[in-house]
Structures are given as structure tokens and as C-alpha cells.
Amino acid sequence: MILLTDRPVQLETPRHYFRTAFTPNEAFYVRWHLDGIPNAVDLKNWKLQLEGSVNKPFSLGLSTS
């Protein structure tokens with residue numbers, strides 16, 4: 001990864017990864033626009049909320065059991 005800035009974190013994918021159709025997860029670019037940079041995620045409480053211009057808002061979570 002190419003470090004562009006460290007606050008906020010911006011990491012760029014090196015060009016050689018674009019020689020194939022798929023970019024590996026570990027080489028995918030990172031853009032972080034908030035002040036706090038998380039070091040861990042509590043998967044029991046993490047939720048993705050889908051709302052706005054949708055017929056029925058809902059949320060998805062990750063089961064760790």
C-alpha cells in the first residue's frame with residue numbers, strides 16, 4: 001500500500017495490482033474521513049443500517065456464534 005496521508009488515513013493501491021481483474025482485499029485502497037481510527041470492531045454489536053430512499057429500512061449484523 002502507498003501511504004498518502006496518515007491523518008486521516010489514505011492508502012492507495014499500488015499499480016501492479018491492476019494487472020489482474022480482481023484486487024485482493026489486503027491491497028484495496030483505504031479512505032478514512034473521521035477523526036477516530038478504529039483499532040478493533042465489536043462484531044456482536046456492529047450493524048450496517050440501510051435507510052433513506054428505500055422501501056423498508058433495515059439493518060444487518062454479523063453473528064459470531
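Modeller: Start with a definition: two residues are in contact when heavy atoms of theirs lie within 4.5 Å. This is a predicted model, where local features need pLDDT of at least 70, side-chain atom pairs count only at pLDDT 80 or more, and totals for chains, interfaces and linings use all residues. Residues are numbered from 1 along each chain as its sequence is written, and side-chain values use heavy atoms, with hydrogens and water left out.

Biologist: Among contacts in the protein between residues at least 6 apart in sequence, what percentage joins residues at least 24 apart?

Modeller: Begin with the contacts between residues at least 6 apart in sequence. Within that set, count those whose partners are at least 24 apart; the share is 19%.

Biologist: What radius of gyration does the protein have?

Modeller: The radius of gyration is taken over C-alpha atoms, and the globule rule is 2.2 Å times the number of residues to the power 0.38. The C-alpha atoms fill a box of roughly 40 × 30 × 30 Å along the principal axes. A compact globule of 65 residues would have a value near 11 Å, but the protein has 16 Å.

Biologist: What percentage of the 65 residues is buried?

Modeller: Buried means under 20% relative accessible area, exposed means over 50%, and partly exposed is in between (1.4 Å probe, protein chains only). By that definition, the buried residues of the protein make up 6%.

Biologist: Is alanine 27 buried or exposed?

Modeller: Alanine 27 is found in the loop between strand S2 (9-12) and strand S3 (30-31). Not counting residues up to four places away in sequence, alanine 27 touches Met1, Thr13 and Tyr17. Its relative accessible area is 1%, so alanine 27 is buried.

Biologist: Which residue has a backbone oxygen that the side chain of threonine 13 reaches at 2.6 Å?

Modeller: A polar contact is a pair of N or O atoms within 3.5 Å; within protein, one must be able to donate a hydrogen and the other to accept it, and residues adjacent in sequence count only if both atoms are side-chain atoms. Threonine 13 is in the loop between S2 and S3, and the side chain of threonine 13 reaches the backbone nitrogen of tyrosine 29 at 3.1 Å. The backbone oxygen reached at 2.6 Å belongs to alanine 27.

Biologist: Why does threonine 13 count as buried?

Modeller: Leaving aside neighbours within four places in sequence, threonine 13 is in contact with Met1, Phe18, Thr23, Ala27, Phe28 and Tyr29. Threonine 13 counts as buried because its relative accessibility is 7%.

Biologist: How far apart in space are threonine 23 and threonine 13, C-alpha to C-alpha?

Modeller: Threonine 23 is also in the loop between S2 and S3, and is partly exposed at a relative accessible area of 26%. Threonine 23 touches Thr13, Phe18 and Phe28, not counting residues up to four places away in sequence. Threonine 23 and threonine 13 are 10 residues apart in sequence, and in space the distance is 8.7 Å.

Biologist: In which strand is leucine 60?

Modeller: At 42% relative accessibility, leucine 60 counts as partly exposed. Not counting residues up to four places away in sequence, leucine 60 touches Trp46, Lys47, Leu48 and Leu50. Its place, among residues 58-61, is in strand S5.

Key. Helix = DSSP H or I, 4+ residues; strand = E, 2+ residues; numbered from the N terminus.
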